[in-house]
Amino acid sequence: MPTYSHSRIECFRHCPRKYFYRYIAKVELPEPPEQIATFLGSRVHDVLEHLYERVSKGIVPAVGSLRERLDQEWATHWTPAVVIHDRDATPDDYRSLAWRCIDSYYRRFHPFDQATIIGLEQMITFPLDEAERFKMVGYIDRLAKAADGCWQIHDYKTNSSLPTQAEKDADPQLAYYEIGIRRMWKDVGRVELIWHFLRFDHSIVSSRTTDQLDQLRSDAIATITDIERRGDDAEQFRTSEGPLCSYCEYQQICPARKHLYQVRVMPESDLAKEPAVALVDRWAELDAKRKLLQNEQGDIEKQIEDIRQALVAIAKRDGLELIAGREKEVAITASERVLFPRKG
Ligand code: SF4
């Protein structure tokens, strides 16, 4: 059985077919261009890792040296292939943003003596069960132990939105790491899960009860068992089409998106020759017409009902059983219907 990770489990939960392409078929696609948000996050992580490497050796680097480090890391890794969607923004805008993240963090935590560093980019591997059938792996940005004995699992985020406390209280990633460190070290008492949202100069701290960790563990085992039971048949891994498909690297081979993908890149002249496209266009046209007629029919029914009620009122008022128009007549009849109340 392979070793699982938080992202592997979440990939399956989000879309089983994507999981199949990535982890079972191991489909190789040309490397997608790096997005600026990912690039920025990696550079900020590089600098914070460097900062704490120095701190672990008893040296607190000056803030200016971190600025130099960021510029150096940025220049080393930058390529014009990095994608910036915002047309008004330049690479320098993002570099300034990266610096703001580091600078505000530096000022908040300087001199970085809140806890003893145990590991940076700490790899943890651990089983989820006693029989050690279900193995997990993960990487902790910074694992530390505070003076009061509390273990801290730190994670740096450069997201553009700030999640709520409730969202982080339900986030499984660092909780898996807690399960891991409790297996790897015997003296682990209280554990804090800490996310640093650097763009907001804000940290969210959460903790888990033993029951919550047990539940997380059994949910993960159930998901892994479900995955393993499906074998390696693509049909066992259904597609889960939704808004996130637009970011999926397998759109060009996935049955839920591949035609859309082909059509989007097809020249206008070829679109006209594609029978499936013509059929969908015609379908859409007829469907719109059908909806229009259904609306019209609804209006007509309502008008007829209003007229019926008006004619009944006239018939009652004038004692009529037939009311004549120019060419047609309407018979008015009264009938009785007995209805019994239903149970409940
Ligand atoms: S395109 Fe959508 S449905 Fe297809 S694999 Fe990707 S996420 Fe799943």
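In the protein chain of this predicted model, 65% of the contacts with a separation of 6 or more are accounted for by residues 24 or more positions apart. The protein chain contains 11 helices and 7 strands. Its radius of gyration is 32 Å, well over the 20 Å that the globule rule gives for 344 residues, and the chain is therefore more spread out than a compact globule. Along the principal axes, the C-alpha trace of the protein chain spans about 105 × 60 × 45 Å, and 19% of the 344 residues in the chain are buried.

Two pairings involving E4 can be described in turn. Strand E3 (residues 151–157) pairs with E4 in the parallel sense, over 7 bridges, and within this pairing Lys 157 has Phe 197 of E4 as its bridge partner. Strand E5 (residues 202–206), by contrast, runs antiparallel to E4 and is joined to E4 by 5 bridges, with Trp 195 standing opposite Ile 204 in E5. The strands E4 and E5 form a hairpin that has 4 residues between the strands, and in this hairpin Asp 201 takes a positive phi near 50°.

Methods
Residues are numbered from 1 along each chain as its sequence is written. This is a predicted model: local features need pLDDT of at least 70, side-chain atom pairs count only at pLDDT 80 or more; totals for chains, interfaces and linings use all residues. The radius of gyration is taken over C-alpha atoms; the globule rule is 2.2 Å times the number of residues to the power 0.38. A residue is buried if 20 or more other C-beta atoms lie within 10 Å of its own, exposed if 12 or fewer, and partly exposed in between; C-beta atoms are placed from the backbone. Two residues are in contact if their C-beta atoms, placed from the backbone, lie within 7 Å. Two strands pair if DSSP finds at least two bridges between them.
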